[in-house]
Amino acid sequence: MTQKQQKLVRLTACAALLCGAVPAAGAMHIMEGFLPPSMCILWGVIALPFLLAGYFSLKKTVARDRRAVTLVAMAGAFIFVISSLKIPSVTTGSCSHMTGTGLGAILFGPAAVSILGVIVLLFQAILLAHGGLTTLGANTFSMAVAGPFVSFGIYRLCLRLKVNQKVSVFLAAALGDLLTYCVTSVQIAVAYPSATGGVSGSVLEFLGVFAPTQLPLAVLEGVLTVIIMMALEAYAQPELRAVGFEEAGA
């Protein structure tokens, strides 16, 4: 990024930190109208610096080699399809589904996935009534920011430890998926704390509700991501080199 772009990202990040530090601000896909207006604004502001950084990152990736566009489009389509297959949760206002963001985080880094994620979430909210426009910021942060950063961190850790390639991809995708739902549970709990246990008690309640459906879905997403990566390594080596993909254990 240029110095001007870096300053812009830092400025929005500072704004996000200020908003996140407001004591009175009580806060996968969270449905339209489920969160209070203050929580919708808060999560939208917090997600903004990541979206700016993602825009610059994605722009740099595509400008470096136009062949990267093919993988970017594929990763976006993968996120859209896999996150549209939802299973209703016992809790009101949300659902369980795979995220598909781990693949993009491994290929392009976590920042770029924020742009792919927000586009997918916007289309799903408008075309499929999956999620919502008012909760777009909260859903973006959980699915397109927090999850991809964990996936990327796990994959980079596996690079250092020289873990088997397939195991690395599986862990990155599965743990990124699970972290998304941990963040979603926190978002809902902050908005609707338990009468007895407060926010922490509410978080545990929501995690308990999500776990029965989300744990097997995370495993399934890890397996599917491994299969996609195997196909890319077999048929899209030039495109992988174009985005600077580095294999675990290489």
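Predicted model: local features only at pLDDT ≥ 70, side-chain atom pairs only at ≥ 80, totals over all residues.
Reader: Why are helices H3 and H8 called roughly antiparallel?

Author: The axes of helix H3, residues 68–84, and helix H8, residues 198–235, cross at roughly 155° and come within 13 Å. Angles over 145 degrees count as roughly antiparallel, so H3 is roughly antiparallel to H8.

Reader: Which residues of H3 and H8 meet, and what is the handedness of the crossing?

Author: From H3 come Leu-71, Met-74, Phe-78 and Ile-82, and these meet Glu-221, Leu-224, Thr-225, Ile-228 and Leu-232 in H8. By class, that contact of H3 with H8 has seven nonpolar residues, one polar and one charged. As for the handedness, the crossing of H3 and H8 is right-handed.

Reader: How do you know that H7 and H8 are roughly antiparallel?

Author: Helix H7, which covers residues 165–191, packs with H8 at an angle of about 150°, and the two axes are 6 Å apart. Since the class of roughly antiparallel takes in angles over 145 degrees, H7 and H8 are therefore roughly antiparallel to each other. Their crossing is right-handed, and the contact of H7 with H8 has, by class, 23 nonpolar, seven polar and four charged residues.

Reader: What makes H3 and H4 roughly antiparallel, and which residues make their contact?

Author: The axes of H3 and H4 cross at roughly 160° and come within 8 Å. With the cut-off at over 145 degrees, H3 and H4 are therefore roughly antiparallel to each other, and their crossing is left-handed. On the H3 side the contact is made by Leu-71, Val-72, Met-74, Ala-75, Phe-78 and Ile-79, while H4 contributes Thr-101, Leu-103, Gly-104, Leu-107 and Phe-108.

Reader: How do you know that the lining of the largest cavity has two charged residues?

Author: Lys and Glu count as charged, and the lining includes Lys-166 and Glu-233; by class, the lining of the largest cavity therefore has two charged residues, together with four nonpolar and one polar.

Reader: Which residues are closest to the centre of the largest pocket, and which helices supply its lining?

Author: The largest pocket has a volume of about 350 Å³. Of the 19 residues lining the largest pocket, Leu-107, Phe-108, Gly-109, Phe-152 and Val-243 are the closest to its centre. At least two residues of the lining are supplied by each of helix H2 (37–64), helix H4 (101–108), helix H5 (110–128) and helix H6 (136–161). By class, the lining of the largest pocket has 11 nonpolar, four polar and four charged residues.

Technical notes
Residues numbered from 1 in each chain as written. Heavy atoms only, no water. Axes fitted to C-alpha atoms, helices over the stretch in contact; angles between N-to-C directions. Helix = DSSP H or I, 4+ residues; strand = E, 2+ residues; numbered from the N terminus. Parallel < 35°, antiparallel > 145°, perpendicular 65-115°, else oblique. Left-handed = near helix turned anticlockwise from the far one by under 90°. Contact = heavy atoms within 4.5 Å. 1 Å grid on protein atoms, 1.4 Å probe; cavity = no way out; pocket = protein on both sides within 12 Å on 5 of 7 lines; lining within 4 Å. Points joined across faces, edges and corners; volume = space filled by probe spheres on them.
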